[in-house]
Amino acid sequence: MEPTTRCNFTCGFCVGRHMHQLDLELSTSVRVFELFPNIEAIELQGEGEPLLNRDFFDIADGAARLGAKISLITNGSLMSPARVEQILKRPVERIGFSLESPDDAKFEQIRGGSFPKVIEGIRRLKQARDTEGLKLPVIGLNVTVLKSTLDQLDSIVALYRELGLDGGISFQGLQEMPSYSDCYSEQLTGEILSQNEKRTLGQFLVRFLSNATINKSGSNVGFYARLFAELPTRPNTCPWLSKAGYVSAEGEMMPCCHIKNTEWSFGNVEETDRETLIGRRDAMGSQLANGIVPKPCVGCWVLPFLSQAFAHSSTEDRTNSR
């Protein structure tokens, strides 16, 4: 669920800056929890910085009352002592900090924020967690890899070690789906990894994951770890369309967190009943299971992880426009 599209950073690859600037209403979150009372886990994250929503902790409390585990991704700039205290009072199981470079100048160039302030926030959260003797939330990094930062991956891992983190590191290249790439500047488009660079990143990931000296004990914790746990088995359809949902700050239930155009919404949660929302989601999931890629899913990184027959067929042949 997307708490806000607003952000206090200026990352060039963020679609949120091109979207209507607003916060998720507390009443909308209440409606979501009424529609889906059996939520097991929830990610409070979208295109904006989630902690900017003044109702963030009230929204989290609504999820907690259902027994749901909470995770979030943050830019790390708002980890004040008061917010850290509030986080540790709730069932937050993972916090991922977005970070593309461990170099002050490069970080500011990419994100428009203060690297030292982010590091201060990470240290504050970890120290408070450890002081209270808590194991959760696990704390990790979420890294978008650019062409110009591909040579900094080892430095990021070194920073992760130095900070004593345990939530693992998520590495991904720039999103290439049209909903993202259409918003990129010419300079940012040039930061998209080539096929050779993607192979280099893949080789790095293999080494990172196989390195037993790096604490990755919490890498299987959180909403996204739960959501994509079955990908190695090559499911027939996208996990988003079989066991999850994404509610935007506008209250639209979208196919996933990467699809932004409300043309593809399953309905606004304030106006649409549960059966209709789930029925529309399942119908799109059935399309994928039958080898038909809905237009907004074209270019998604999940597609190659689906069933073997599906993965080896032509994307162009399998695309429709709904």
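Ala128 has its place in helix H5; helices here are DSSP runs of H or I with at least four residues, strands are runs of E with at least two, and both are numbered from the N terminus.

Before going further, a note on what you are looking at. This is a predicted model, in which local features need pLDDT of at least 70 and side-chain atom pairs count only at pLDDT 80 or more, while totals for chains, interfaces and linings use all residues. Residues are numbered from 1 along each chain as its sequence is written, and side-chain values use heavy atoms, with hydrogens and water left out.

Now step back and take in the whole chain. It contains 13 helices and nine strands. Its C-alpha atoms fill a box of roughly 50 × 45 × 35 Å along the principal axes. For 322 residues, a compact globule would have a radius of gyration near 20 Å, and the 19 Å of this chain agrees with that; the radius is taken over C-alpha atoms, and the globule rule is 2.2 Å times the number of residues to the power 0.38.

Of the 322 residues, 53% are buried. Buried means under 20% relative accessible area, exposed means over 50%, and partly exposed lies in between, with a 1.4 Å probe and protein chains only. The chain exposes about 14,700 Å², and carbon and sulfur atoms supply 49% of that area; the areas come from the Shrake-Rupley method with a 1.4 Å probe, and for residues only the protein chains shown count as cover. Among contacts between residues at least 6 apart in sequence, 69% join residues at least 24 apart.

Charges come next. The chain has 34 positive and 40 negative charges, and their mean positions are 5 Å apart. Lys and Arg count as positive and Asp and Glu as negative, while His and the chain ends are not counted; each charge is placed at NZ of Lys, CZ of Arg, CG of Asp or CD of Glu.

A pair of aromatic rings is described by the distance of the centres and the angle of the planes. Rings of Phe, Tyr and Trp (its six-membered ring) pair if their centres lie within 6.5 Å, and planes under 30 degrees apart count as stacked, over 60 as edge-to-face and the rest as tilted. The structure holds 12 aromatic pairs. In one of them, the rings of Phe171 and Phe204 have centres 5.4 Å apart and planes at 85°, so this pair is edge-to-face. Phe171 lies in strand S5 (residues 169–173) and Phe204 in helix H9 (residues 195–210), so the pair ties together parts that are 33 residues apart in sequence. Both Phe171 and Phe204 are buried.

Tyr224 and Trp240 have ring centres 6.4 Å apart and planes at 70°, so they too are edge-to-face. Tyr224 sits in helix H10 (residues 223–227) and Trp240 in helix H11 (residues 240–243), 16 residues apart. Tyr224 counts as partly exposed at 22% relative accessibility, whereas Trp240 counts as buried at 3%. Both belong to one aromatic cluster, formed by Phe223, Tyr224, Phe228, Trp240, Tyr246, Trp301 and Phe305. In the loop between H10 and H11 you will find Arg234, which has a positive phi of about 55° although it is not a glycine. Arg234 is partly exposed, with a relative accessible area of 30%.

Another backbone feature is the cis peptide bond from Leu136 to Pro137, with omega near 0°. Pro137 is in the loop between helix H5 (115–131) and S4. Strand S4 (residues 138–145) holds Thr144, which is buried with a relative accessible area of 11%. Leaving aside neighbours within four places in sequence, Thr144 is in contact with Phe13, Glu100, Thr149, Gln172, Gly173 and Leu174.

Finally, visit Thr28 in helix H1 (residues 26–35). Thr28 counts as buried at 7% relative accessibility. Beyond neighbours within four places in sequence, Thr28 is in contact with Gly251, Val269 and Glu270.

Notes
Contact means heavy atoms within 4.5 Å.
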